[in-house]
Structures are given as C-alpha cells and as structure tokens.
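Hi everyone, thanks for coming. Let me put the model up on the screen, and then we can walk through it together.

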Amino acid sequence: MLVFQRIGATAFGSLRDLGRLGMLQWQLITVLVAIPRSLRLILRQMYIIGNGSIPLVLVTSVFTGAVATVQAHYQFQDYVPIRFLGTVVAKSVVIELGPVLTALVVGARVGASIAAELGTMRVTEQIDALEMMAIDPVRYLAMPRFVAACIMLPVLTIFSDGIAIFGGFFVAVQSLDVPEKVFTDGLRFLFDSKDVWGGLIKGFCFGAIIALSGCANGFNARGGAAGVGEAAMRAVVTASLLILVTDYVLAAVIFQVLFS
Amino acid sequence: MSGQGDGSGIRVRGVHKCFGDQVVLAGADLDVARGEARVILGRSGQGKSVLLKLIVGLMKPDAGSITVDGQDVVSMRRKQLYALRQRFSMVFQGGALFDSMTVMENVSLGLREHTKLPLGEINRRAERALEMVDLSESGPKMPAELSGGMRKRASLARAIVTEPEYLLYDEPTTGLDPITSDAINRLIQRLDEELGVTSIVVTHDMTSAFMVGDRFGLLSKGRFVFEGTADEARATQSGPMRAFIDGDSTVARD
C-alpha cells in the first residue's frame with residue numbers, strides 16, 4: 001500500500017507544481033502591461049541572467065561542438081563523404097544542441113538562483129512586506145525575471161550556436177585533419193535560416209519555463225533554510241523535465257507544422 | 001479616541017483560523033478605535049502575528065468578519081486590498097528589509113512605487129524618516145551590515161515614510177537588548193504622538209507594553225481573555241492577565 005501511496009503523492013505533487021506554474025503564468029500575463037515602468041528591473045535581470053551565464057554557456061558550447069564533430073566524424077567512417085561534416089554539425093547544433101543544452105545549464109543556474117532568492121524572501125517575510133506595501137510580488141519580482149529570461153535565452157542560444165560551431169570547426173581542422181574549406185563549405189551547404197529561427201523560438205519558450213519554475217517554486221517555499229533548498233531543487237528538476245518535454249512538442253510543432 | 005459606533009477603526013468579530021489540525025484563533029473579537037495604541041499580548045504561538053496578517057488581508061480567516069473603517073476586509077479583491085494597505089504599514093518581526101537593496105532604497109521604495117513625487121522629494125522624505133529613527137548615516141548601507149536593533153529601526157523608518165493611518169508592529173522589541181528596546185519603545189510613543197496614527201503592537205514584552213499601550217488585550221487559546229486599559233491591566237489581582245504580567249507559569253499554562 002505504501003508504494004501506491006507514494007506514487008499517488010508524487011503524482012499529486014507534480015500536478016500541483018504544474019498547476020502553480022499555470023496560475024503564475026496567467027498572473028504574469030495580466031501584469032505584462034507594467035513592462036514600460038519596470039524597464040530598470042528588467043534590464044538588471046537581463047544582466048544577471050545573460051551576462052552572468054556567458055562563461056558557463058561558453059564552456060558548454062565549445063565542448064558540445066567539439067563532441068558533435070568528433071562523433072559525427074567517427075560515425076561517417078568511409079560511408080558518408082567528409083564534406084557533410086560541417087553540415088551535420090551546424091544542423092544538430094542550431095536545431096537541437098544549442099538551444100537545449102543552453103537551456104539546461106542556464107536553467108540549472110538561473111532557475112535555482114531565482115527560486116533560492118525568492119524563497120528566502122518568502123521565508124523572511126520580505127514578500128509579505130511587499131504585499132503590505134501594496135506592491136504586487138508577481139509584478140515586481142516575477143515579471144522582470146520572466147521577461148528577462150524570455151529575451152536572454154534566445155540571445156544565449158545564438159551565442160551558444162556560434163561558439164559550438166567554432167568549437168566543431170577547431171576540432172575538425174586541428175585534430176581530425178579536415179581542410180578548413182571542406183568544413184566551412186559543409187556549413188553553408190543546406191544551411192536554412194529557418195533552423196536558426198526554430199532554435200530561437202525554442203530558446204524563448206525555455207526561458208519562460210526557467211523563470212516560471214524558479215519563481216513559482218520560490219514563491220511557494222516554506223519553512224526556513226531547508227524549505228529554500230527544497231524550492232531550488234524543485235525549480236531545477238521541474239525546469240529540466242519541462243524543457244525536455246517541451247523540446248519534443250516544439251520539434252513537432254515548429255519543424256513539422258510551422259516550417260513544413 | 002473616536003467611538004466604534006460609526007464603524008471607524010478596526011473591528012474583528014468571531015475570527016477563526018486553523019493551520020491543518022492546529023487551531024490558532026477560535027472566535028477572537030477585537031475593536032481598535034482610531035488614534036488608539038492597542039497592545040496585543042500573548043504567549044508565543046497564540047496567534048498574535050496571524051491576527052495582524054488577517055487584519056490586512058495577508059491571510060484569510062476560516063470564519064468571522066474583519067472590517068477596517070467599515071470596509072469588509074475578508075471579501076476584498078486584490079485591488080481593494082492594495083488600496084487598503086496603502087493606508088497601513090507593518091513593522092515585521094525580523095524587520096523584513098529587502099536585502100538586495102540599500103537601507104535608503106528600502107525606505108524610499110513605497111514612495112517610489114505609489115507616488116509621483118520627484119526623486120529629490122522622495123529622498124528628502126526618506127532621509128527625514130531615517131533621521132527620526134537615528135539612522136541618518138546608514139542610508140547607503142545594505143541590511144546585512146546592520147545590527148538587529150538597527151534593522152528594526154530601519155524597518156520602522158520604512159513603515160512611517162508613507163505616513164500611514166495605521167501602524168502594525170509585530171514584536172518590535174523581541175530579541176533586542178534592554179537599552180535598544182527602550183529606544184524603540186520611545187520611538188513608537190513618539191510616532192503615536194507626532195503622527196497621530198492608530199497602532200497595534202503585538203508583543204510579549206511587558207515593559208514595552210506598558211510604555212506604548214493605551215489599551216491591552218490578552219490572547220490565549222485563540223480568544224481574548226482580557227480587555228482593558230493599561231491601568232486596569234496593572235490593577236488586576238488575579239486571572240490570566242495577572243499571571244502574564246508576573247510571568248507565573250502555574251496559572252498561565254491553562
């Protein structure tokens with residue numbers, strides 16, 4: 001029985017988490033009109049989310065591109081001409097690896113930090129203090145983070161795409177002895193700007209997920225330091241899972257319906 | 001003090017509040033007239049802070065009614081609640097200063113958000129509020145750099161800068177040394193006299209209570225078991241109020 005109880009409790013907890021995300025999303029939409037007067041707060045969050053994530057995304061992307069290149073080269077063997085190496089690397093990076101890996105690493109960093117910050121504000125009554133001052137916490141705290149993440153994730157995705165392709169190029173030329181021109185011609189071959197746009201739409205949606213998950217878990221933190229830790233963990237887990245699920249849904253919607 | 005007949009002031013009737021199995025308030029009644037300084041006494045965990053949060057709609061009661069100047073708080077929607085809260089300020093137990101902002105930014109936030117005053121005027125008022133609590137030097141500091149007593153005072157400055165009609169204090173002297181407590185109490189007295197606000201002070205510090213309160217209420221097991229003026233409280237010879245004043249655990253336990 002205990003097993004079923006646990007399964008039930010986990011399922012209920014997940015549904016409740018999703019419900020909270022949905023509710024917060026709705027509240028956020030209603031306060032988007034306040035964007036013009038919140039520009040300063042949004043810019044500050046853009047700086048924290050965007051600039052702060054650059055080193056992390058840089059390292060992740062260089063190695064993503066490098067691994068993609070090495071693996072593709074190995075898989076090609078003698079069956080696929082090496083001039084397609086650049087093509088495969090560019091396509092996989094721009095469509096999939098860039099947006100998803102950026103979202104996962106930035107999600108862990110930013111999601112946890114938002115949840116911990118707002119969670120601490122919750123347990124130290126700072127959110128009550130805002131409410132008491134008639135300042136809507138959704139408008140003042142969640143909305144700037146949400147807007148900033150929706151803007152900065154596509155920007156970081158573009159950055160990641162460029163760095164990953166450069167990483168791939170570097171490995172191909174330096175260690176796999178692929179001639180520069182062969183790789184760059186491969187990059188251009190079959191290049192379609194729709195792929196980049198698709199990746200950017202993904203980045204936008206992932207940014208929304210990261211901020212929503214961080215804010216919802218932070219706002220609902222309870223009970224001191226342990227509660228804040230729990231909120232940060234839930235924020236990262238929820239964001240990571242939702243990013244992967246949404247990635248599938250977006251792949252189907254963007255590339256099979258929208259761009260087909 | 002104005003009368004209660006016209007509906008002005010705060011009126012709490014039969015308020016119940018539970019958290020899970022734990023009953024915190026079980027039919028509490030409270031009347032606070034305009035201009036009054038009401039002290040709510042009670043042991044820890046008797047629902048004093050919860051009552052404050054119910055009055056301003058930060059929590060909803062399970063049953064009962066709460067009105068402020070005749071307006072029903074319980075049924076208020078968000079917008080109305082925000083309008084009501086602009087007439088209130090609360091000094092939270094831990095200060096609840098925003099720790100990502102300087103003391104000055106903390107104090108001026110309410111004015112920046114709710115008024116169209118020029119920045120110079122906002123800063124001037126914030127500085128004046130900080131001066132009132134003897135923190136004029138601490139404006140540029142972050143809350144983490146302040147001591148416990150300074151945090152409470154900064155929180156007080158943040159509460160008074162918007163010139164509220166009602167000031168709620170949640171244990172303003174808890175955890176402070178006697179000298180700092182005395183300074184805070186004098187400050188509360190001074191604010192009552194100079195700004196003419198209606199205040200509710202939740203505390204279990206009797207020295208503080210006698211210094212700042214006009215009327216006392218003692219909360220026990222979710223209800224008020226004593227109501228009266230400071231003199232009446234002092235004069236009580238028996239019962240829970242006497243036990244509370246004397247710190248007598250043999251009577252106060254039940």
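Let's start with a question: which strands of chain B does helix α1 (residues 48-55) lie across? Helix α1 of chain B lies across β1, β2 and β4 of chain B, and runs at about 120° to β1(B). The axes are lines fitted to C-alpha atoms, for helices over the stretch in contact, and angles run from 0 to 180 degrees between N-to-C directions. Helices (H or I, at least four residues) and strands (E, at least two) are DSSP runs, numbered from the N terminus.

A word on the model itself. This is a predicted model, where local features need pLDDT of at least 70 and side-chain atom pairs count only at pLDDT 80 or more, while totals for chains, interfaces and linings use all residues. Residues are numbered from 1 along each chain as its sequence is written, and chains are lettered from A and ligands numbered from 1 in the order in which they are written.

Now the sheet. In chain B, four strands make an open, antiparallel sheet, ordered β2-β1-β4-β5; strands pair if DSSP finds at least two bridges between them. β2 (22-32) and β5 (71-72) of chain B each have a single partner strand, so one side of each has no neighbour in the sheet. Between β1 (residues 10-19) and β4 (residues 63-68) of chain B there are five bridges, and B:Arg11 has B:Thr67 as its bridge partner in β4(B).

In the segment before β1 of chain B sits B:Gly9. Buried or exposed, what is B:Gly9? B:Gly9 is buried, because 22 other C-beta atoms lie within 10 Å. For that term, buried takes 20 or more other C-beta atoms within 10 Å of the residue's own, exposed 12 or fewer, and partly exposed is in between, with C-beta atoms placed from the backbone.

On to domains, whose bounds come from an automatic or database assignment. Chain B has domain 1 (1-87 + 166-174 + 186-254) and domain 2 (98-163), with C-alpha centres 26 Å apart. Six residues of domain 1 of chain B contact seven of domain 2 of chain B, where contact means C-beta atoms, placed from the backbone, within 7 Å. Helix α6 (residues 178-195) of chain B gives the most to the domain 1 side, with three residues.

Last, the chain contact: 15 residues come from chain B and ten from chain A. On the chain B side, α3(B) supplies the largest share, four residues.

Methods
Two residues are in contact if their C-beta atoms, placed from the backbone, lie within 7 Å.
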